[in-house]
Amino acid sequence: MIEQFPVLIVVTPLILSFVVNVAGLWNRRLCFYIVVVALASCVVFSLGILKTVLTQGEPIRYSLGNWQPPWGIEYVIDHLNALILVSVAVVALLVAVYAKRSLEQEIHESKIPQVYTLFLLQVTGLLGITATGDLFNLYVLLEIASFSAYAVIAMGERGADFAAFRYVIFGTIGACAYLLGTGYLYILTGSLNMIDVAHLLPQSFYSKALLVGLAFFMVGVGIKMGIFPLHVWLPDAYTLAPSAVSALLAPLFTKVGAYVIIRIMFTVFDPAFSIDLYPVTDIVGWLAAIGILFACIMALAQSDLKRMLCYLIVAEMGYILIGLASANRLGLTGAILHIVNDMFMMACLFTVAGAIFYQTGTRDIYQFRYLHRTMPITLAVFVVGALSVIGVPPLCGFFSKWYLLLGAIEAKQWALVVVLLISSLIYAVLFFRVIERAYLEPREDHSHASQKGHPAPTLDKVPLSMLAPMVFIAAGIILLGIFSGKIIAHIIEFAIPAAL
Amino acid sequence: MIRHQEDIIIQTICRMLIPFMQVYGLYVLAHGHGSPGGGFQGGCIFAASFILMPIAYDLDKAKRRFAERRTILFCSLGVFIYAGIGLLCLLLGGNFLDYGKLSAILPVDPVMARYYGIAVIETGVQITVMAVMVSIFINLITSGRHEEEMRNTHD
Amino acid sequence: MIDTLFTHYNYWVFAVLLMIGLYSMMAKNNLMKKLIGMNIFQWAIILYFISIGAKRGAQIPIVVGAHGQGENLAIHAAEYINPLPHVLMLTAIVVGVATTGISLALLIAIYKRYNTIEEDKIIEALKK
């Protein structure tokens, strides 16, 4: 049974999403429980896959339909894949539990089964992108994930349908560019299987067609990831989407795109090509540095909490690219660890923004005064997330930043080191802006507090089904920080290609 | 909103064409094994026959045949056939879409079992594609009010 | 140069169509024109893939009269055009149809809400 887990983890949410669609015709309350069952089984499958990969030591290779590669499609799961599968499944499950009350408030009740269908299809696409080992299969699953994202973003607030339309145009350019990259690789090697292409590619390393193929890949996946010049769709789309949907998309979709870039640059294209032959890592490094500075400055200018967090996503993507640009073991360790950490950190922050919107109806930072009296637990979770993003030990964000810094120093890329340090400072300013406004009160109000009718300290009015996942995600951030050493030693060490 | 207009030529021709279009859709599906064709192409042609109805006749007649409930059911039915065959192969001991293992329940050898497995899967694809195409069409011309308008016309 | 234009004309057609689609997506104001540009973009890529599978003087990849002969049949693959790009592009056509469907549904929703599908007027309406 356990050999079938690689395909079950993709097929289970696919079938159950249509079961949700049909069940919604009869009983709308059933949909949520089917979603939770699907994602819980995905978590179980992903843990089983991780255990198998760790005990086996080498990648699982599962051929669909028993057709041998390179003629058939196969799912290849090695240490990198397995780690990301576990994080995606866990974050998706926690956000799904959180999503119930949040979606009921924001979306009309007749559309709830459709939202859950799209939720599960989105998770199918993301898990499939992570698990597959075939280039064209990745395109199909990327499009499945993207379509669900387009449709479910359009259900948001005023302006969401226009933001979704712009996202459709941008996202289609990205996916088509990825398809063109696959096409160029197919013309040069005659195969679509990632491992087979990696074997056949060194014969054509000096051809211009390969360079164009790599460029198309980078642009295509860059649009999906949200790298600096190609991130324009991100702030509008993720801000105006429903809260639970942003909490699902923002942590997961962009990070899975980062995984795809690592796969393409280091597994399909040999590290010798990406690093030594052409200055790919240099270009990526410069884009990352400019992107981080740009995103930090734009984030400082926002008054909407969710929009600020969207620019933060762009900056975190820049961090991962700094890890890639360092092109040594330390940098890549930091990049992979940052992918996992950032999923949890962004999930934490976006769920907090959704909870604040649920209780107070606003996301404007300037209205957060006295929030610590009415929402203490939510703000505690926010502080954990904020400290992790800034990089305070022993939370997980510190360890990934530490490895990124070490990698950049070892590669003698001083510009990247400076950008990393400056951006940490700007993060501190960003988050303390919010924390100060929420926690501290002006001096004059202290004496008149009880007379002026300021809110008395109460516990959050946010329901438990929203609070519990947030607390679990915060606990996950702390646990990831404490166990970073073990994760690096047992999993990430084997995930990095040996040539580095 | 497509209004009801009496035009005897268009209605007669459509009445003669629609059954032929549907048979042609099934023909394209069945001949997908040995000639160009298959599930998606047959499904589009089949859906075209349903889309011809509101253009020739009235929208309500088409919607009575394809209420939103039925569309969702057909759409999911196709996916269940596809994934169901895959899971059946899983239960019979093979990998996900390994139709060769279907020879345990069908009275043929593994090579012909792959032949029949693909035929069933293409049928599932056709059902889903047909349902989705018709659903897209009806949702676009009623601006998303597929269900409500039906309730209004029944009053 | 001129003989490259005549022998590799499929690449030139693909490049011209791709750029027309990209220009239309970027520079046009009307959302419907952007959608049509996106369609042209996708179909250019589909055309490109199919054109790379063609061979001079080859047959279509259907083996006539081979039903039931199985292993005894010898097939010279060089005589048939490559069927794999056709199969991949079937999937890409389906993806294109789905994208068009989603975009049209979004356009109708936008038109119902803002009563216009010109991009600058929608941005102005959103700013208020």
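## A partly exposed asparagine

Asn66(A) is partly exposed, because 17 other C-beta atoms lie within 10 Å. The cut-offs are these: buried takes 20 or more other C-beta atoms within 10 Å of a residue's own, exposed takes 12 or fewer, and partly exposed falls in between, with C-beta atoms placed from the backbone. Asn66(A) is not a glycine, yet its phi is positive, about 60 degrees. It sits in the loop between S1 and S2 of chain A.

This is a predicted model: local features need pLDDT of at least 70, side-chain atom pairs count only at pLDDT 80 or more, and totals for chains, interfaces and linings use all residues. Residues are numbered from 1 along each chain as its sequence is written, while chains are lettered from A and ligands numbered from 1 in the order in which they are written.

Strands (E, at least two residues) and helices (H or I, at least four) are DSSP runs, numbered from the N terminus. The peptide bond between Pro69(A) and Pro70(A) is cis, with omega about 5 degrees.

## Loops between helices of chain A

A cis peptide bond also runs from Pro393(A) to Pro394(A); here omega is near 0 degrees. Pro394(A) lies in the loop between helix H16 (376–390) and helix H17 (396–410) of chain A.

Ala327(A) is another residue other than glycine with a positive phi, near 60 degrees. Its loop connects helix H13 (305–326) and helix H14 (329–360) of chain A. Ala327(A) is buried, because 24 other C-beta atoms lie within 10 Å.

## Where chain C meets chain A

Chain C gives 24 residues to this contact and chain A gives 20 residues. Two residues are in contact if their C-beta atoms, placed from the backbone, lie within 7 Å. On the chain C side, helix H3 (31–52), helix H4 (84–114) and helix H5 (119–127) each supply at least two residues. H4(C) has the largest share, with 12 residues.

The side of chain C that touches chain A holds 18 nonpolar, four polar and two charged residues. Nonpolar covers Ala, Val, Leu, Ile, Met, Phe, Trp, Tyr, Cys and Pro; charged covers Asp, Glu, Lys and Arg; the others, Gly among them, are polar.

## Where chain C meets chain B

Nine residues of chain C are in contact with eight residues of chain B. That side of chain C has six nonpolar, two polar and one charged residues.
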